[in-house]
Amino acid sequence: MLVTGATGGVGSAAVAIASAQGYAVAAVTGKAAAHAWLRQLGAGTVLARDELSPAGDSKPLRKQLWAGAIDPVGGAALPALLGSLRYGGAVALSGLTGGAEFAATVFPFILRGVSLLGIDSVYCPQPLRRELWQLLAADWKPQRSELLLDRELGLDELPQAFRSLLQGEARGRMLLRLSGDD
Ligand SMILES: NC(=O)c1ccc[n+]([C@@H]2O[C@H](COP(=O)([O-])OP(=O)(O)OC[C@H]3O[C@@H](n4cnc5c(N)ncnc54)[C@H](OP(=O)(O)O)[C@@H]3O)[C@@H](O)[C@H]2O)c1
């Protein structure tokens, strides 16, 4: 199972959950310093971003490597991801940190039967939401959830936190304290 944007809020939880479910997880990251942390979360393999989509390589079909992918990044690397899914595999696409647009061919869909699954958490129907929350509170609960929390912060620290997100320096999740001393 491939996870892109692996050090991000979505990606890091996906690495932890998928590995706890028994998947062999390959994590894709742009942060060389985060490889050891991703392995602690459960990634068996860690890939640099340019390994997923080497510059100048636009082949629509590649070696079949991944049974599935969790992709919060989207953008220009998505066609390479679709082209390296195994026959019948699927990408769950939830985000756009790598860009909102992509240009792909139909070949992975019509020759390998792959699927591109859109993920929306905002209008997700309540019954499905409850089902997923139950799983997240039980079978899918990451065993080392403390690793996913980068730090707690107060409202006054938000501008700095947003800067670190925009500069691609954040890792995991931040917990915002809404009450207390600040
Ligand atoms: N569809 C929905 O319902 C839904 C729900 C929640 C979030 N989202 C979207 O999902 C995306 C990810 O959310 P998140 O909370 O995980 O965000 P995040 O914590 O900011 O993580 C995004 C990760 O993407 C990677 N990344 C950043 N810039 C990149 C670039 N230019 N090219 C390739 N990779 C890049 C980085 O990981 P590495 O450094 O490890 O590569 C970063 O940690 C966002 O676009 C968010 O809006 C959608």
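The entries below go from the sheet to the core and then to the ligand.

Before starting, I reminded myself that this is a predicted model, where local features need pLDDT of at least 70, side-chain atom pairs count only at pLDDT 80 or more, and totals for chains, interfaces and linings use all residues. I number residues from 1 along each chain as its sequence is written.

**Sheet.** I found an open sheet of six strands in the order β3-β2-β1-β4-β5-β6, with parallel pairing. I take helices (H or I, at least four residues) and strands (E, at least two) as DSSP runs numbered from the N terminus, and two strands pair if DSSP finds at least two bridges between them. At the edges I see β3 (45-48) and β6 (115-118), each pairing on one side only. I followed β4 and β5, which pair in the parallel sense over five bridges; A69 has V91 in β5 as its bridge partner.

**Core.** The largest nonpolar core has 29 residues. Such a core is a set of buried Ala, Val, Leu, Ile, Met, Phe, Trp, Tyr and Cys residues joined through C-beta atoms within 7 Å; buried means 20 or more other C-beta atoms within 10 Å of a residue's own, with C-beta atoms placed from the backbone. I noted that α1 gives the most to this core, seven residues.

**Ligand.** I counted 25 residues around the ligand, with G5, G8, G9, T29 and G95 coming nearest; the criterion is a C-beta atom, placed from the backbone, within 6 Å. Helix α1 (residues 9-20) gives the most to this shell too, with three residues.

Definitions and conventions
Buried ≥ 20, exposed ≤ 12 C-beta atoms within 10 Å, placed from the backbone.
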